[in-house]
Amino acid sequence: MRQKHSAPKVEAFFAWSERQLTRIPGKGNLAKAFRYGLARRTSFSLFLADGRVAIDNNAAERALRPIGIGRKNWLFAGADTGAETLARAMTIIETAKLNGIDPQAYLADVLDRIHDHKINRLDELLPWNWTPIADTQAQAA
């Protein structure tokens, strides 16, 4: 489907981009942008050859949006240790999201049970292994 529907559009886009370079000033920012895309044609077209590659990167951009929005607030984390703590928290939250888990429910449950959880079984509380306490109790019954 990609070869049939997308490949002709990609080819037309790059041909159009090359034509535009002849019509705009060569040292301007717009020309730089066109040259950037044309120089990376293989990378931008990789999705045509490899079906594992997504056509867009919307999921990655959505995941990074909260970081961009909060950037100004995080300038005032207080100290390097505060920024490191914030980075760890954001990593846990985003990992929970990537595993299809509500981060608030996950953190509330883990913080509630971690105090008496066996240290050699902490991997059970990682987002990709985690099951809510209600599910765990139902399985035990």
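Which helices each supply at least two residues of the lining of the largest pocket? The points below take this up, working from a predicted model.

1. **Source of the largest pocket's lining.** H6 and H7 are the helices in question: each supplies at least two residues of the lining. H7 gives the most, with 4 residues. The pocket has a volume of about 240 Å³.

2. The lining is made up of 13 residues. Nearest the centre lie Ile-92, Tyr-106, Leu-125, Leu-126 and Pro-127. By class, the lining has 11 nonpolar and 2 polar residues.

3. **How H6 and H7 meet.** H6 covers residues 80-98, and H7 covers residues 103-113. Their axes come within 9 Å and cross at roughly 115°. The crossing is right-handed. From H6, the contact uses Ile-92, Ile-93, Ala-96 and Lys-97. From H7, it uses Pro-103, Tyr-106 and Leu-107. The contact has 6 nonpolar residues, 1 charged residue and no polar ones.

4. Ile-92 of H6 and Tyr-106 of H7 belong to the helix contact. Ile-92 and Tyr-106 are also among the residues nearest the centre of the largest pocket.

5. **Ala-96.** This residue sits in helix H6. Is Ala-96 buried or exposed? Ala-96 counts as buried because its relative accessibility is 0%, and the cut-off for buried is under 20%. Leaving aside neighbours within four places in sequence, Ala-96 is in contact with Ile-101, Pro-103, Tyr-106 and Pro-127. Pro-103 and Tyr-106 are also on the H7 side of the helix contact. Pro-127 is one of the residues nearest the centre of the largest pocket.

6. **A link along the chain.** Ala-96 and Leu-126 are 30 residues apart in the chain. Their C-alpha atoms are separated by 8.7 Å. Leu-126 is another of the residues nearest the pocket centre.

7. **The second largest pocket.** What is its volume? The value is about 200 Å³. Helix H1 (2-21) and helix H2 (29-39) each supply at least two lining residues. H1 has the largest share, 5 residues.

8. **Make-up of the second lining.** The lining includes Phe-13, Phe-14, Phe-34, Phe-44 and Phe-47. Lys-9, Ser-17, Gly-37 and Ser-45 are also among the lining residues. By class, the lining divides into 8 nonpolar, 3 polar and 1 charged.

Note on methods. Residues numbered from 1 in each chain as written. Predicted model: local features only at pLDDT ≥ 70, side-chain atom pairs only at ≥ 80, totals over all residues. Heavy atoms only, no water. Axes fitted to C-alpha atoms, helices over the stretch in contact; angles between N-to-C directions. Left-handed = near helix turned anticlockwise from the far one by under 90°. Contact = heavy atoms within 4.5 Å. Nonpolar A, V, L, I, M, F, W, Y, C, P; charged D, E, K, R; others polar. Buried < 20%, exposed > 50% of the residue type's maximum accessible area, 1.4 Å probe, protein only. 1 Å grid on protein atoms, 1.4 Å probe; cavity = no way out; pocket = protein on both sides within 12 Å on 5 of 7 lines; lining within 4 Å. Points joined across faces, edges and corners; volume = space filled by probe spheres on them.
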